[in-house]
Amino acid sequence: MTDALLRAALAGTAREPMPSAGAALDALVPREASAEQRLLLLAGARAVARRAGFRPPALPLPEPAPEDALPVCSPKAAELISWFLSAEEHDLLLEAFKALRAARQRLRPELLPAALSLRDEELREALLPVLGARGAWLGKLREDWSWAAGVAPAETTDLLVWEVGSHAERFALLRSLRAQRPDAARQLLESTWKNEKADRRALFLTALQIGLSAADESFLEAALDDRSVDVRALTPRLLARLPGSALTRRMESRAATLLRAAPEASRLEVSLPAELDAAWERDGVLRKPPQGMGARSFWLIQTLSLIRPQFWEQQLGQDPADVAAGADEDLLQGLTGAVLLFEDARWAAALFDALLAAPKSDFQRAGLRELLPLLEPAEAGKRLEQLLKKPHEALPAVEAMAALPAPWSDQLSLQVARALPGGGWDLLALAVMRASPKAFAAMENVLPPFDEQPSNQRLLDRARETLRLRGSLHQELHP
Amino acid sequence: MALTVDQVLALAPDPAAAAAGRKLASGSSWQSLGESSAAYWGECRGSAVYQVRVDRGDLASKCSCPSRKFPCKHALGLLLLAAGKPLPETAAPQWVSEWLEKRNAPKPMAKAGTPDPQAQAKRSEKRAERVLAGLDLLDLWLADLARAGLATLDESSFARMAARLVDAQASGLASRVRRIGELVGGAPSWPSLVLDELGLLALLSHAFRRLESLDAPLRNDLRQMIGFTMEKEEVVAAGDRVLDAWAVIGQQAYEDERFRSQRTWLHGAQSKRTALVLQFAAGRAAFPEALLPGSRIDAELAFWPGANPQRAMIFERHAVHPSFGDRLPGFDDAESFLSEAANALSRQPWLDRLCCPLRAAVPFSSQDGFLLRDAKGAVLPLSGLDHWKLLALSGGRPVDVAGEWDGRRLYPLSAIANGGFHSLRSET
């Protein structure tokens with residue numbers, strides 16, 4: 001730095017008695033001025049000269065954003081989304097992004113900075129298709145927005161991330177690679193498997209649920225003997241989903257003698273071995289039950305939940321409804337586990353009905369909630385409408401409905417709208433958020449205008465507000 | 001044509017009112033909505049029914065709610081509704097028309113007390129003495145700083161000096177000293193910035209002592225910078241009055257514990273003049289004049305007299321148009337703006353902010369911060385850390401940008417991209 005005046009100012013005139021700013025400016029200062037006055041007046045004159053004499057440098061520009069193919073959303077839609085963004089309305093944002101995508105539109109550019117700064121994974125996934133080329137371009141400019149940059153990482157960076165990344169980064173890499181090239185992902189995992197800590201092995205193994213195939217079997221079969229309990233618990237659930245796997249064959253041969261239709265009644269009989277074989281244990285059946293459960297019940301439930309439910313239709317010659325009707329609580333629990341693993345809609349409906357008829361329990365409530373999303377929408381709607389009519393069944397029904405993906409089908413939404421009067425505040429709060437736009441008018445018609453209690457009035461106001469906000473959004477995006 | 005959502009939100013006295021207004025606009029039940037050429041009105045139903053009405057002429061509002069924010073959330077909600085789509089054109093109900101009549105009734109002139117010329121002369125003589133005594137203190141303080149060197153600067157001495165200048169009735173100098181104190185220890189280049197500012201302060205003091213040898217316009221500037229304020233009536237009597245169609249090209253708002261202040265830059269279509277309107281409001285009260293970024297007002301402005309007059313007030317407002325157009329009136333390249341800025345500084349060397357409307361410029365980010373490149377490739381550095389909205393709007397392509405130039409860097413206030421006007425102030 002060759003700024004003599006600044007140096008003099010920093011040191012002080014006590015040490016630098018004759019400050020100078022160059023001949024032209026020096027000449028402006030009155031001769032009689034003291035050293036201090038001189039320094040300050042020179043600084044002032046130079047400040048003005050600097051401001052008046054600013055010379056802009058010339059620089060080249062970086063690449064502009066590519067043109068966008070999608071049209072931007074309307075200003076009204078943008079205003080709604082901008083409000084949802086500032087109020088951090090997660091569910092409304094998710095709905096808006098999905099609706100935007102369905103309308104084949106993108107966010108207006110002014111919304112992009114706030115949208116790109118969202119951290120929620122679910123929202124980010126919904127955002128990707130509506131960010132447009134502009135969003136991807138911005139993603140390249142900021143480290144924390146790079147998730148939107150839309151560049152597939154090169155293979156060499158893959159390996160680097162896998163070797164030095166945080167476990168969250170490594171897991172994300174494994175999942176995305178698994179979706180594109182399942183075998184390469186498994187091989188990457190195998191390459192470091194022996195050196196990973198137990199909790200990491202269990203986490204990374206869950207990535208194999210993506211694109212699971214017979215090619216994974218030998219790796220998984222070896223993992224049955226893993227040191228980690230968590231890995232040993234997860235592996236059989238993966239192998240069971242491979243139709244021809246050795247584990248599937250072993251489980252089915254065990255199943256062949258496990259259940260039998262009792263001749264005298266529509267009831268199923270169980271025959272379990274008295275002692276648990278080590279081979280069963282290796283295939284994921286734990287020996288020691290949790291407190292309050294018998295060991296044999298525990299073995300049965302675990303075994304059943306690893307067997308494809310359709311197997312029983314052949315084995316017992318009964319349809320799902322008959323099997324479910326003849327099942328006691330242990331059997332229901334095991335079969336529910338299997339239906340959740342193998343995701344079968346027919347069996348889910350049969351078990352849902354059987355659980356409804358079963359005595360109330362924590363398991364029953366959890367089972368209803370978990371099975372409902374697997375039912376065909378029409379089947380789900382039929383059952384819910386009936387449930388909502390019965391006051392003592394409404395709460396488990398609402399709990400179960402909370403697990404259904406939004407928005408609900410038109411039919412279910414209209415069914416719920418009919419059930420709203422007397423359906424309780426929980427149902428109302430859930431319904432206004434999840435129902436499809438087709439049911440908005442019906443819902444608003446059945447809402448009471450006022451409630452004496454201020455807290456209820458607030459719930460009513462909030463419900464109406466949600467309906468109107470969602471209504472405006474859909475009106476904007478599906479004119 | 002209606003206002004834009006951005007413009008309505010610019011009226012909000014605080015972010016909470018803006019958020020509540022947005023919520024009301026899309027989520028509440030409204031009835032008896034209507035508009036005429038003079039007003040918007042409607043009844044908003046919440047826990048009670050509130051009647052709200054807005055004068056379209058100056059956007060003043062009245063609501064039956066008990067809120068002490070102006071405009072209240074209901075008025076903001078109503079304006080947002082009107083921004084979304086036109087309200088039904090109907091005859092105004094009585095509660096609207098009566099209010100409008102009352103507003104338009106000629107106001108009784110405030111009775112001005114006849115000033116006692118002798119007492120006045122005595123007061124101003126006394127004040128001049130005090131200010132000069134304050135300048136003596138300031139000069140001594142500056143000399144001490146210069147002798148000891150900036151390396152030994154003590155931040156707290158700025159606050160003490162500012163307090164003494166307040167006592168000396170030199171409030172303009174006081175706030176200048178306080179602002180310099182805030183620079184100390186800030187950006188890495190702070191010694192250089194502080195030296196510049198101290199130098200300008202010394203020049204100001206020096207010039208004021210030889211006030212009588214300067215031209216009348218510059219004398220006005222100096223008196224204002226020291227802290228001699230001018231009453232509105234004096235401004236109207238002494239300054240230029242310019243009737244024009246004024247484009248509201250940029251706005252900046254500040255807030256401290258008790259006051260909100262606002263700087264608005266206007267550009268005259270015929271006169272090509274730039275005007276700066278400063279407004280203040282206590283607490284959550286409304287600013288006296290609603291100036292909506294992106295709009296155009298047909299009005300007569302009165303300029304504070306000076307060597308390079310830019311501060312102005314609205315003397316008489318005739319009409320408001322929601323949009324001034326799809327291009328920014330202004331400079332096509334940085335060079336012509338900078339040469340204009342040099343001319344302005346040669347007339348009034350203490351100008352610390354100039355309006356810079358630059359057309360077809362490309363913002364971009366670099367290792368050294370954000371930059372703005374004009375059509376000829378010249379680059380102005382931007383001040384501030386968050387210009388991502390501007391970058392998002394531009395996408396690396398030319399946009400019109402209006403900002404404040406402080407002699408070193410530009411602070412962008414608004415942009416026009418694809419014909420749409422956008423305020424760049426932080427979102428409310």
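This is a predicted model: local features need pLDDT of at least 70, side-chain atom pairs count only at pLDDT 80 or more; totals for chains, interfaces and linings use all residues.
In which hand does α1(A) pass α3(A), left or right? The crossing is left-handed. I'll come back to that pair in a moment, after a word on confidence.

For the complex, the predictor gives an ipTM of 0.89 and a pTM of 0.81. Chain B has a mean pLDDT of 92, with 97% of its residues at 70 or more.

Back to chain A. Helix α1 of chain A covers residues 4–11, and helix α3 of chain A covers residues 35–52. Their axes come within 11 Å and cross at roughly 140°. The two helices, α1(A) and α3(A), are therefore oblique to each other. On the α1(A) side, the contact uses L5(A), A8(A) and A9(A). On the α3(A) side, the residues are L39(A), L42(A), A43(A) and R46(A). Sorted by class, that contact of α1(A) with α3(A) has 6 nonpolar residues, no polar ones and 1 charged.

Now across to the other chain. Helix α3(A) also meets helix α8 of chain B, residues 190–209, with the axes coming within 7 Å and crossing at roughly 105°. That makes α3(A) and α8(B) roughly perpendicular to each other. From α3(A), the contact takes L40(A), L41(A), A43(A), G44(A), R46(A) and A47(A). From α8(B), the residues include L195(B), D196(B), L198(B), G199(B) and H206(B). Here the count is 9 nonpolar, 3 polar and 2 charged. Note that A43(A) and R46(A) are listed in the contact with α1(A), and A43(A) and R46(A) are listed again in the contact with α8(B).

Next, the sheet in chain B. How many strands form it, and in what order? There are 4, in the order β1-β2-β3-β4, forming an open sheet with antiparallel pairing. The edges are β1 (29–35) and β4 (61–63) of chain B, each pairing on one side only. On average, neighbouring strands are turned by 10° against each other, direction ignored.

At one end of the sheet, β3(B), residues 49–55, is joined to β4(B) by 3 bridges, and the two run antiparallel. R53(B) stands opposite K62(B) of β4(B).

Two helices pack on this sheet. Helix α3 of chain B, residues 73–84, touches β1, β2, β3 and β4 of chain B, and its direction makes about 65° with that of β3(B). Helix α4 of chain B, residues 94–104, touches β2, β3 and β4 of chain B, at about 40° to the direction of β3(B).

That's what I have; questions, please.

Terms used: Residues are numbered from 1 along each chain as its sequence is written. Chains are lettered from A and ligands numbered from 1 in the order in which they are written. Axes are lines fitted to C-alpha atoms, for helices over the stretch in contact, and angles run from 0 to 180 degrees between N-to-C directions. Angles under 35 degrees count as roughly parallel, over 145 as roughly antiparallel, 65 to 115 as roughly perpendicular and the rest as oblique. A crossing is left-handed if the near helix is turned anticlockwise from the far one by less than a right angle, and right-handed if clockwise. Two residues are in contact if their C-beta atoms, placed from the backbone, lie within 7 Å. Ala, Val, Leu, Ile, Met, Phe, Trp, Tyr, Cys and Pro count as nonpolar, Asp, Glu, Lys and Arg as charged, and the others, Gly among them, as polar. pLDDT is the predictor's confidence in each residue, from 0 to 100. Two strands pair if DSSP finds at least two bridges between them.
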